[in-house]
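Here are my notes for a first walk through this structure. Keep the viewer open and follow along point by point.

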Amino acid sequence: QVIKCKAAVLWEANKPFSIEEVEVAPPKEHEVRVKIVATGICRSDDHVITGALVMPFPIILGHEAAGVVESVGQGVTAVKPGDKVIPLFVPQCGECQNCLNTKANLCSKTDLGTSGGLMADGTTRFTCKGKAIHHFLGTSTFTEYTVMHESAVAKIDSAAPLEKVCLIGCGFSTGYGAALQTAKVEPGSTCAVFGLGGVGLSVIIGCKVAGASRIIAVDINSDKFAKAKELGATDCINPKDFNKPIHEVLTEMTGGGVDYSFEVIGRTDTMTAALACCQYNYGVSVIVGVPPAAQKITFDPMLLFSGRSWKGSVFGGWKSKDAVPKLVADYMKKKFVLDPLITHTLPFTKINEGFDLLRTGK
């Protein structure tokens with residue numbers, strides 16, 4: 001049965017979303033159709049609008065969400081109609097080289113980096129005004145109903161509040177895992193976090209849970225400092241308040257550099273600054289923000305030769321299908337909070353206002 005519903009369609013770059021009636025095809029073999037109950041707005045969605053992340057148009061964006069299974073295609077065993085689920089923009093097929101390696105989490109079935117915008121069979125499940133609409137990262141959550149491969153949905157606790165745990169679909173898990181899984185922050189260590197959006201704040205939560213003794217939050221918007229402190233930052237600094245490069249400020253503050261640094265913005269200049277501010281022999285710097293397309297980094301190789309490690313982290317290094325239900329269970333046990341990460345709740349039709357709030361740093 002085809003479902004007609006509302007979706008926010010992006011017809012072309014640098015334009016607002018258009019709320020349209022779309023037709024959502026039934027799930028094919030090993031696919032799941034999900035009613036989206038809550039979806040978050042992430043800077044990665046905005047990167048598609050601006051062209052920093054290249055994707056085909058027209059497209060239905062959105063990848064941080066929670067919903068309820070409406071129907072399943074042939075051969076689906078992991079979930080059934082009525083199950084509460086979180087879509088996974090990094091799926092877990094369980095068969096590829098990365099899924100089989102304990103150190104890896106970036107399943108080869110992900111649409112990240114391929115920008116295909118289609119299901120595995122090379123077609124789409126969305127139609128609007130007679131036109132095929134592309135999928136985004138295999139999830140497309142800015143719609144009342146979406147279709148995903150079964151490897152891209154995780155069944156979660158039926159008691160979980162979907163309007164909160166939707167953040168575990170991207171922002172929270174990405175930041176929290178960057179600290180716990182990718183960097184493996186140790187008790188007593190010092191950390192620097194560049195960028196205090198939802199993901200940066202989640203890095204702070206992770207550093208605090210890991211037992212870091214000093215967590216330095218860095219942002220050019222000082223309005224973000226109060227929340228960073230509430231979540232565990234011990235110091236907050238604004239690069240605009242100094243006449244020297246921020247990595248020098250951090251190196252002096254910590255007597256030689258931090259043990260761990262995190263770039264959670266997606267800018268090449270802050271990526272190099274984050275690398276330079278960590279301790280020259282054993283410091284670890286993690287790139288968490290999505291790097292802009294068509295930009296290169298130039299840096300002094302001595303920064304790495306002296307012993308620093310530079311790492312990347314997608315979805316916090318978690319194996320998605322295994323980790324998401326556990327993270328939801330941890331939230332239900334109050335191991336971490338999500339409420340402070342939610343600043344606004346809007347009806348779906350006001351999605352453009354939501355993106356305005358994101359762009360103005362609110």
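1. In which loop is Asn14 found? Look between strand E1 (3–9) and strand E2 (18–24): that loop holds Asn14. This is a predicted model, so take the angles here as features of a prediction. Phi of Asn14 is near 55°, which is a positive value in a residue other than glycine. The residue is exposed, and its relative accessible area is 56%.

2. Now go to Lys129, which also has a positive phi, about 50°, although it is not a glycine. You'll find Lys129 in the loop between strand E6 (126–128) and strand E7 (131–133). Is Lys129 buried or exposed? Its relative accessible area is 62%, and exposed means over 50%, so Lys129 counts as exposed.

3. Next, helix H1 (residues 43–50). H1 is mostly covered, with six of its eight residues buried. The buried ones are Ser44, Asp45, Asp46, His47, Val48 and Ile49. What do the buried residues of H1 pack against? They pack against helix H11.

4. The axes of H1 and H11 (residues 351–359) come within 11 Å, and they cross at roughly 100°. An angle of 65 to 115 degrees counts as roughly perpendicular, so that is the label for H1 and H11. On the H1 side the contact is made by Arg43, Asp45, Asp46 and Ile49, and on the H11 side by Phe355, Leu358 and Arg359. By type, the residues of this contact divide into three nonpolar, no polar and four charged.

5. Where does Pro58 sit? Its place is in the loop between H1 and strand E4.

6. E4 takes us to a sheet. It is an open sheet of five strands in the order E8-E3-E4-E5-E9, and the pairing is antiparallel. Neighbouring strands here are turned by 45° against each other on average, direction ignored.

7. Inside that sheet, E4 (residues 65–72) and strand E5 (residues 84–87) run antiparallel and are joined by two bridges. To see the pairing for yourself, find Val68, which stands opposite Lys84 in E5. Then look for helix H10 (residues 320–332): it lies across E5 and E9, running at about 40° to E9.

8. There is also an open sheet of six strands, in the order E12-E11-E10-E13-E14-E15, and its pairing is parallel. Which strands are at its edges? Strand E12 (235–237) and strand E15 (309–312) are, since each pairs on one side only. In this sheet, neighbouring strands are turned by 20° against each other on average, again with direction ignored.

9. Five of its five residues are buried, so E10 is largely enclosed by the rest of the structure. In a regular strand the side chains alternate between the two faces of the sheet. Thr190, Ala192 and Phe194 point one way from E10, while Cys191 and Val193 point the other way, and all are buried.

10. Finally, the neighbours of E10. Five bridges join E10 to strand E11 (residues 214–218), and these two strands run parallel. Within that pairing, Phe194 has Val218 as its bridge partner, and Val193 has Ala217. Strand E13 (residues 260–263) also runs parallel to E10, with four bridges joining them; there, Val193 stands opposite Phe262. What handedness does the β-α-β unit of E10, helix H5 (residues 198–209) and E11 have? The unit is right-handed.

Methods: Residues numbered from 1 in each chain as written. Predicted model: local features only at pLDDT ≥ 70, side-chain atom pairs only at ≥ 80, totals over all residues. Heavy atoms only, no water. Axes fitted to C-alpha atoms, helices over the stretch in contact; angles between N-to-C directions. Parallel < 35°, antiparallel > 145°, perpendicular 65-115°, else oblique. Contact = heavy atoms within 4.5 Å. Nonpolar A, V, L, I, M, F, W, Y, C, P; charged D, E, K, R; others polar. Buried < 20%, exposed > 50% of the residue type's maximum accessible area, 1.4 Å probe, protein only. Pairing = 2+ DSSP bridges. Right-handed = clockwise from strand over helix to strand, strands pointing away.
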